[in-house]
Structure formats: C-alpha cells, structure tokens
Amino acid sequence: MKGRATVLVETNRLETWEVNVHSPEPGGALVRTVLGGVCGSDVHIMTGEAGEMPFPIILGHEGVGEIIELGAGVSTDYAGVPVKRGDLVVWSPIALCHRCYSCTILEETPCENSRYFEDASKPNWGSYADFAWLPNSMPFYRLPDGAIPEAVAALGCALPTVLRGFDRCGPVRFGDSVVVQGAGPVGLSAVLVAAQAGAREVIVIDAAPARLEAAVKLGATATVSLGLPQDERKRMIYDRAGKQGPDIVIEAAGALPAFPEGVDISGIHSRYIILGLWGAIGTQPISPRDLTLKNLTVGGASFPAPKNYYHGMQFAARVQHEVPLAELVSHRFGISQAAEALHATKTGIATKAVIDPSIS
C-alpha cells in the first residue's frame, strides 16, 4: 500500500512523496490520519530556526487518526482503554526508550534516547501524511466517546505543552492575574486553562485581531494589541492586574523580544513561564536585578509527557461544548498544500491550520 506525505528534504524545501505504508510492528499501530495539526514549531523546523534536522523527514507532530491495524499484542491504548479498528486516537509524537535514567528514575521526557523524527523513507509517525505508523514505544490514546476531532486537534500539542508548563512551574490558582504573551495555539491553551482554573484576570497580548477575538471566546478578560508601544502595553496590564502586577506571565509568542518584556511586566513575587521559545534560537538582554527585586521565579518547559497528551485530550473533550474549540480550526489544507499551511501559520492568518488528507 502507498500513501502521500509532506517531506522536508532540506531547509525550506518541501516535497510531496509517495511512501510505502507498513503494517504495524508488535505493540504498535497503524492509523489513517484524520487531521494533522500545523504547529509554529513546524515553521521553525522548516526555516532552520530550530537547528539542523535529520533530513529527509515527514513533518507533523500533532495528529488525530483512525486505527487501521493494531500490532500483535495490542488490545488497549496506553491508558488501558480497549481499542479496535475504526477508533479515533491521538498520539504522543516522541518515541521513548522507557529504559534509561531519565525515563525510569527522573520520570522526565524527553530522554537521551528519544526519537523525534524518522527518515522519511522508513515507517513514520509524521502527521502530514495519509497514514501514521506508531512504533511500540509511542503512546497513543483513544478519544472519549463524543469527542469532536476538530476540538481535540484545535490546540494540538499546545494544550499538552501548557499542562506540562504548569506541572513544572506550578498551577494557576483561583484569583490569580495572568498575562499571556501571544495568542497562537499555545497562548490560547494558556488562556483556556487559566480561565477554567478561576483566574481573576487573563490578559492577552497579540498583533492579530482574529487571535485576540479567539482568546476572548476562550476566557480572556482583556486584550492588548502588540501594535501599541511597550510602555503603553505595560500600563494597560497593570491597570487590570493591580499595582503589584500580574501573578503569572506566560511566554507563548515564540519571539525572542517577548522575553525581556515578560520579565519587565512580571509582578512582585510572580512567576514567568517560558513555553514558546523553543524554536527561536538566540539571546536577549535583561536586567538580573529585576529578578531579585521582584522575587521573580522564571521557569520553562518543553516536550510534553505522554500524560499531558492524555489529559489535554480529556480536557478538550470535556469543555468542547462550553467553549468553541472546534471553531479555532480556521484553515484546512491538503497534504500537497503544506507550504501554504505553514505560511498561514507563520503570518498569523490562521488561528489554527490543519492538514486534512481528504482534501486533494
């Protein structure tokens, strides 16, 4: 059997390949991709901002798929839920070894043996493709009954990333004031989690009106345009948060200038959580004195653990009728239109773009 896939052959060079579709190995699964989420990290990977990749690779680390075939010995997902052909699943896109110090002692992901990509000519789990081949070491989870695929795909790996950040850096507490830098999928996920946790204020900074509008629908109490001068942005935030400033600032912009501004707007005894600066390699100047005088805690998180994907899926399914998650999927593209999908994501035209293999 053959299938199509978007292959990044080298930096800024995409091709649509016809690839072999392999039966699953024992313990693994083969799924038909229903929706492949387009992530800002994919843009950084394509442009080379995220560093050198093991080319050629099939893009896509967010996916909702339909089980086509289960490998020998597989009767449940990685949460113990029975699965069968035709069930919809999401998968954690990092192949873990489950037999190293990081995996078994630290219980942290990723580990030193993790595999993020496989050569495009080999069995592959990239989601910009008709099919995804999930190896024995890759957790996958069955969607709850009634879950809307678009609602789960809308926040892709962003919602697990935010849950990972709060796991590592502490949760939003009832009554907290929260500022979110950026209203892409990571920022919108942070808005959703903060609002559902009972934050008093959820203030969002972004340049795209459509993304700010989406943030309000997910629970933001105020928005601030990135087009305003930085001192004006800070004044507006402190007018809402109070003279001590916000309790939590979340970097979800993925742009280096966001970092010094985040330190500047952070409040007294607050936390600054860095989630978006994974692919933007570089440095920015800050005043270390600000960290001391504010008693500021700065932390970061990346590469969600499998449990974060499971909890994110469950969370999305629970709130899908309370907030318009499925509506966040603003643009759909076929496998051969991946370059357009990445452009729509990079420019902010799309609130959330997905690869839909049913589009020819």
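**Figure 1. Strand β14 pairs with strand β13 in this predicted model.** Residue I273 has G299 as its bridge partner in β14. Strand β13 covers residues 271-274 and is joined to β14 by 4 bridges. The two strands run parallel. In general, strands of a sheet pair through backbone hydrogen bonds, either parallel or antiparallel.

**Figure 2. An open sheet is built from 6 strands.** The strands follow the order β11-β10-β9-β12-β13-β14, and their pairing is parallel. Strands β11 (222-225) and β14 (297-300) stand at the edges. Each of these two has a single partner strand, so one of its sides is left without a neighbour in the sheet. On average, neighbouring strands of this sheet are turned by 15 degrees against each other, direction ignored. Helix α4, residues 158-169, packs on the sheet. The helix touches β12 (248-251), β13 and β14. The direction of α4 makes about 140 degrees with that of β13.

**Figure 3. Residue S177 lies in strand β9.** Strand β9 spans residues 177-181. Is S177 buried or exposed? With a relative accessibility of 1%, S177 counts as buried. Leaving aside neighbours within four places in sequence, S177 is in contact with R200, E201, A241, G245, P246, D247 and I248. A353 is 176 residues from S177 in sequence, and their C-alpha atoms are 30 Å apart in space.

**Figure 4. Strand β6 pairs with both β5 and β8.** Strand β5 (residues 62-70) and strand β6 (residues 88-91) are paired in the antiparallel sense over 3 bridges. Within this pairing, V89 of β6 is the bridge partner of G65. Strand β6 is also joined to strand β8 (residues 140-142) by 3 bridges, and these strands run antiparallel. W91 stands opposite F140 in β8. As a general rule, side chains in a regular strand alternate between the two faces of the sheet.

Figure 5. A disulfide is a covalent bond between the sulfur atoms of two cysteines. A pair of cysteine sulfur atoms has to lie within 2.5 Å to be counted. The cysteine sulfur closest to that of C103 is in C111, at 3.7 Å, which is too far for a bond. For C111, the closest cysteine sulfur is in C97, also at 3.7 Å and too far for a bond. C103 is buried, with 18% relative accessibility. C111 is buried as well, with a relative accessible area of 7%.

**Figure 6. The whole chain gives the setting for the close-up views.** The chain has 360 residues, arranged with 11 helices and 16 strands. Taken along the principal axes, the C-alpha atoms fill a box of roughly 60 × 40 × 40 Å. Of the 360 residues, 56% are buried. The accessible surface comes to about 15,000 Å², and 52% of this surface belongs to carbon and sulfur atoms. Among contacts between residues at least 6 apart in sequence, 71% join residues at least 24 apart.

Methods. Residues are numbered from 1 along each chain as its sequence is written. This is a predicted model: local features need pLDDT of at least 70, side-chain atom pairs count only at pLDDT 80 or more; totals for chains, interfaces and linings use all residues. Side-chain values use heavy atoms; hydrogens and water are left out. Two strands pair if DSSP finds at least two bridges between them. Axes are lines fitted to C-alpha atoms, for helices over the stretch in contact, and angles run from 0 to 180 degrees between N-to-C directions. Contact means heavy atoms within 4.5 Å. Buried means under 20% relative accessible area, exposed over 50%, partly exposed in between (1.4 Å probe, protein chains only). The radius of gyration is taken over C-alpha atoms; the globule rule is 2.2 Å times the number of residues to the power 0.38. Accessible areas come from the Shrake-Rupley method with a 1.4 Å probe; for residues, only the protein chains shown count as cover.
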